[in-house]
Amino acid sequence: MPYLVARDVDARPAGVRFHELVERGGILGLPGAHNGMAGLQAKAAGFEAVYLSGAAMSASMGLPDLGIITIDEVAFFIRQVARASGLPLLVDGDTGYGEALNVMHMVRVFEEAGAGAVHIEDQLLPKKCGHLNDKKLADARDMAAKIAAAATARRSLYLIARTDAAASEGLDAAVARAKLYLEAGADAIFPEALENAEMFRTFAQRLPDVPLLANMTEFGRTPFFTAAEFLAMGYRMVIWPVSSLRIANKAQENLYRVLHENGSTQSLLPQMQTRAELYELIGLASYEALDASIVSTVYK
């Protein structure tokens with residue numbers, strides 16, 4: 001139901017709702033939703049929460065994922081996805097956009113925009129996609145200070161600490177960092193770029209009863225696992241961060257190629273969302289009915 005006319009929207013803070021989804025058991029699947037339409041489509045498919053990827057946001061703006069975009073730009077994406085879908089979303093907070101005070105500002109802005117959860121990573125700027133080489137790690141104590149700052153600033157936001165240490169410092173160091181971040185106030189841990197099932201299982205065994213998030217990105221270091229397989233390895237959340245953007249971009253690339261070559265989109269009609277499907281998804285009729293009812297009430 002569109003946000004303006006919805007009557008059954010859960011009014012509780014998004015952080016509370018996100019926490020409940022993690023704690024109810026099973027595994028919480030979080031598909032990437034890089035804009036409001038993607039959020040609507042994820043909800044229509046049955047998902048109860050979504051993920052907002054920094055890489056997807058940056059790429060949708062024609063920028064690389066190097067920590068270039070700002071807090072306010074991310075808040076724009078948060079608002080549209082949260083408003084359109086009504087779902088609690090996990091947001092990529094990169095490195096926190098600075099030091100302790102900047103992290104606290106980020107947390108408040110993201111909560112006010114509608115985020116349910118955020119993850120912060122222990123890289124130094126310019127940060128990189130977690131599945132690339134030569135990432136520079138922050139000092140673990142500096143990262144813990146950022147987590148403590150975020151925990152101080154939040155009202156209900158679910159706080160996930162991401163560590164990129166496994167690739168360069170080894171799994172033992174990644175586990176040690178994770179424990180420090182939990183002591184600082186993190187609710188969950190996101191070990192990035194693990195390369196096989198044994199690494200995933202070992203990490204989970206070293207942190208029993210800690211909510212863990214797995215990243216199932218395509219074209220990265222992690223081989224393909226299903227949500228059920230991640231659950232069996234000890235994980236409570238899984239993200240597919242850039243899948244929606246990859247699919248959309250490939251389809252759009254094909255559109256422009258065909259249009260340039262043929263001067264027409266007619267051959268692509270079977271691949272397009274129809275006008276009727278679009279209007280149904282965004283609830284055009286409900287908006288029109290709302291508008292008519294208000295006009296009728298005022299001028300009757």
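**A buried glutamine and the sheet around it**

At 1% relative accessibility, Gln-123 counts as buried, a word used here for residues under 20% relative accessible area, with exposed meaning over 50% and partly exposed in between, for a 1.4 Å probe and protein chains only. The model is predicted, so that local features need pLDDT of at least 70 and side-chain atom pairs count only at pLDDT 80 or more, while totals for chains, interfaces and linings use all residues. Residues are numbered from 1 along each chain as its sequence is written, and side-chain values use heavy atoms, with hydrogens and water left out.

Gln-123 is found in the loop between S4 and helix H6 (140-153), where helices (H or I, at least four residues) and strands (E, at least two) are DSSP runs numbered from the N terminus. The side chain of Gln-123 makes a polar contact with the side chain of Glu-121 at 3.2 Å, and another with the side chain of Asp-164 at 3.3 Å. A polar contact is a pair of N or O atoms within 3.5 Å; within protein, one must be able to donate a hydrogen and the other to accept it, and residues adjacent in sequence count only if both atoms are side-chain atoms.

The secondary structure of the protein comes to 13 helices and 8 strands, and buried residues make up 46% of its 300 residues. The radius of gyration, taken over C-alpha atoms, is 20 Å, which agrees with the value near 19 Å that a compact globule of 300 residues would have, the globule rule being 2.2 Å times the number of residues to the power 0.38. Along its principal axes, the C-alpha trace spans about 65 × 50 × 35 Å. Among contacts (heavy atoms within 4.5 Å) between residues at least 6 apart in sequence, 72% join residues at least 24 apart.

Five strands form an open sheet in the order S2-S3-S4-S5-S6, and the pairing is parallel; two strands pair if DSSP finds at least two bridges between them. Strand S2 (50-52) and strand S6 (188-191) stand at the edges, each with a single partner strand, so one side of each is left without a neighbour in the sheet. Neighbouring strands of this sheet are turned by 25 degrees against each other on average, direction ignored.

Within the sheet, S4 and S5 pair in the parallel sense over 5 bridges, and strand S5 (residues 158-163) pairs with S6, also in the parallel sense, over 4 bridges. Ile-120 stands opposite Ala-161 in S5, and the bridge partner of Ala-161 in S6 is Ile-189, while that of Ile-160 is Ala-188. Helix H1 (residues 14-23) packs on the sheet, touching strand S3 (89-92), strand S4 (117-121) and S5, and its direction makes about 65 degrees with that of S5. Helix H8 (residues 171-184) also packs on the sheet, touching S5 and S6, with a direction at about 155 degrees to that of S5. The axes behind such angles are lines fitted to C-alpha atoms, for helices over the stretch in contact, and the angles run from 0 to 180 degrees between N-to-C directions.

In a regular strand the side chains alternate between the two faces of the sheet. In S5, Tyr-158, Ile-160 and Arg-162 point one way and Leu-159, Ala-161 and Thr-163 the other way, and all are buried. With 6 of the 6 residues of S5 buried, the strand is largely enclosed by the rest of the structure.

Leaving aside neighbours within four places in sequence, Phe-190 is in contact with His-119, Ile-160, Ala-161, Arg-162, Thr-163, Leu-213, Asn-215 and Ile-239. One of these partners, Asn-215, lies in strand S7 (residues 213-215) and is itself buried at 6% relative accessibility. The side chain of Asn-215 makes a polar contact with the side chain of Glu-192 at 3.1 Å, and it reaches the backbone nitrogen of Thr-217 at 3.3 Å.

In soluble globular proteins, nonpolar side chains tend to be buried together.
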